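I opened my notebook to look a structure up, step by step. Here is what I jotted down.

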Amino acid sequence: MKKIFLLFGVMGLACSMQAQDIRLNPPTRTGGKAFMETLNERRSERSYVKKEMSVQMLSDLLWAANGFNRPDKRTAPTASNKQELELYVVLEGAAYFYDAKQNVLKFIAKGDFTAALGQANITSKAAVSIVIVADTGKTASKYAYLDTGYISQNIYLYAASAGLGTVARGSYNGAELFKALKLTEKQEVTLVHPVGFLQ
Ligand SMILES: Cc1cc2nc3c(=O)[nH]c(=O)nc-3n(C[C@H](O)[C@H](O)[C@H](O)COP(=O)(O)O)c2cc1C
């Protein structure tokens, strides 16, 4: 049986880059910058300082992006509540599936995903790259692409609130990511979001 790493509080992710799942922390559902200030600071940032992200910050970021804020519904809306979008997470040297219900990162593969993510000047310095993936068996592509925008904006707003940088990226290598993340026939990458620490 696969072991789940139990990581606590401010502990970084360096020790977790193994072929194992990572247990996330309960998300911080309060606080952050004032809403209008957050909107004022929302922008695309492409220059990051390479630094490790704490498990708590990663947990909060993923929850803000597409976590469950009610027993069966999420922080981002989907057309007809199809919930066809899931997040894949690329950390230094390893890729994971964000199991939002269980609040766990499920290990997928080790490797260097920079070429698949594209724009190496940005992605190699990011603390994490979030890959948004649609299950096209659950809804029409049109809705999957529209719904992707809500997750993207959640990531932008979390980043602005937490003083991090991020940028929506459509210029990834879809075929490479498909292989690297071990996606299945009906799954399609819709957007990549590196998130990193600002200079
Ligand atoms: C769907 C989408 C795809 C994008 N793809 C890229 C990309 O591949 N590379 C990049 O550097 N920026 C990308 N961007 C960021 C835009 O260039 C950026 O949002 C725009 O210049 C406006 O800047 P702002 O986000 O700071 O307001 C993308 C944005 C969106 C919404």
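Predicted model: local features only at pLDDT ≥ 70, side-chain atom pairs only at ≥ 80, totals over all residues.

Entry 1, the ligand. I sorted the shell around the ligand by class and got two nonpolar, four polar and three charged residues. I counted Ala, Val, Leu, Ile, Met, Phe, Trp, Tyr, Cys and Pro as nonpolar, Asp, Glu, Lys and Arg as charged, and the others, Gly among them, as polar. The shell holds R43, S44, R46, Q119, V167, A168, R169, G170 and S171 (C-beta atom, placed from the backbone, within 6 Å of the ligand).

Residues are numbered from 1 along each chain as its sequence is written.

I found six helices and eleven strands (DSSP runs: H or I of at least four residues for helices, E of at least two for strands, numbered from the N terminus). I also looked up how much is buried: 40% of the 199 residues (20 or more other C-beta atoms within 10 Å of a residue's own, all placed from the backbone). The C-alpha trace spans about 40 × 40 × 35 Å along its principal axes.

Which residues of α2 and α5 make the contact? On α2 they are M57, L61, A64, A65 and N66, and on α5 they are I151, N154, I155, Y158 and A162 (contact: C-beta atoms, placed from the backbone, within 7 Å). I sorted these residues too: eight are nonpolar, two polar and none charged.

Notes:
Buried ≥ 20, exposed ≤ 12 C-beta atoms within 10 Å, placed from the backbone. Contact = placed C-beta atoms within 7 Å.
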